[in-house]
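Keep the structure in view as you follow each step.

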Amino acid sequence: MRLPEPPDDPSRKPVTILGAGIVGICTALSLLDRGIPVRIIDQGSPGQETSMGNAGVVSPWSFIPQAMPGVWKNIPKLLFGYGRPLSIHPRALAAMLPWGLRFLRQGTEAKVRATADAMSHLCGPSIELYRRHLAGTDHEDLLVDSCYVHAFRDGSRANLQSLDCRIRSEKGAELELIGQDRLAEMEPALSPSFQAAVIIHGQARVRSPGRLAAVLAKKAEQQGAEFVRAQIRSIKPHDDGWRILCDGERLYAPRLVLSMGAWSPELLAQIGLKVPMMVERGYHVECSEPNIEICNSVMDVDTKVVASSMEGGVRVAGQAEFAPADAPANPARETRLTQIAKAAFPNLNTERKKFWMGRRPSFPDSLPVLGPVTGHPSLFLNFGHSHYGLIMAPKSGELIAQLIRGETPNVPVDAFSATRFHW
């Protein structure tokens, strides 16, 4: 199978995208906007793996990296404290040690600010680009305006002078510190044990991340994208392009975008490129008959869990579990997330719920790898978006499309290069 090659313009040679998550789908839409033929290969339905399980936050202001100054002091609390938001699978310990050292070295104010600058380029236009992608689908209502409520049980911890709040404010975010009474007005279903909150205005939320991905995949298909359902076994340079082995079938691609999330490093290793990425699993429970309504996206800061009302009910999502990609889901997480949900929203009905686990691809600096690969000019990388995949997907896809088309990107891309790890 070979995609047609427009003969007159080399910058419009067809592109094959490996991975049909939200990042791959957004990349396809940006390429199609530029008249570039696209094929997307994935073993599953578009956007129905990791992309569908998140909390639905679309936040131009969520550009604060995970590694903050003093984060090492909080590790015991994260591992063993209330809600136990962090865990490490025994099989991940060996890889976790060097990754963790890289992570901790990111925790200086100078590095946090530099990383936030880079992340802001990907997060900033997220709402605008999603609305552009959704235009004409008759599903524009999947994205709704919202606030991001960071709720604190200990009101003394809520302040606007923390480093993350200062960085957001400096970049133009509208932040508000509220007390218990105002918080109860904004989110009546929230437990009165929360004393204060930092409100981030100018957000949006997705009412169904899985349906968003399906709608955008359908739009891409209507615009000419070809979707191939197959398991990708290997990639190999071939005839100024790439040979892709899928379930015994060999496909050729003049240009290739690797966007397979947690499974990307395995394919990169086949061409001798290693990157320090860890698989960081996230979970959610979604209560289909919740008996409450959550008006915004609400983060329980103590447990690192985000709750939101969606089409399928109330979803409570988050936490971080470093584990091999093939490790089974931890059933204890369902009980823990349910307990956290009930503590935060006492009237939430949890009798009918679904439990889900997904795999985030996480680098120690919270940035994805994005751009061409040295020595392989027809290969482009677009993966490793950690907790921010839904937010960063549309701009990441736009940047890859600009690079492939030969356009000059309108933001600096060096910070996302895979060569940044050579230290």
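Rings of Phe, Tyr and Trp (its six-membered ring) pair if their centres lie within 6.5 Å; planes under 30 degrees apart count as stacked, over 60 as edge-to-face and the rest as tilted. This is a predicted model, where local features need pLDDT of at least 70 and side-chain atom pairs count only at pLDDT 80 or more, while totals for chains, interfaces and linings use all residues. Residues are numbered from 1 along each chain as its sequence is written, and side-chain values use heavy atoms, without hydrogens and water.

**Exercise 1.** Decide whether tryptophan 99 is buried or exposed.

*Solution.* Buried means under 20% relative accessible area, exposed over 50%, partly exposed in between (1.4 Å probe, protein chains only). Tryptophan 99 has a relative accessible area of 6%, so this residue is buried. Phenylalanine 103, at 14%, also counts as buried.

**Exercise 2.** Classify the ring pair of tyrosine 283 and phenylalanine 355.

*Solution.* First, take the geometry: the centres are 5.5 Å apart and the planes lie at 15 degrees, so the pair is stacked. Then compare the accessible areas: tyrosine 283 is buried at 2%, whereas phenylalanine 355 is partly exposed at 27%.
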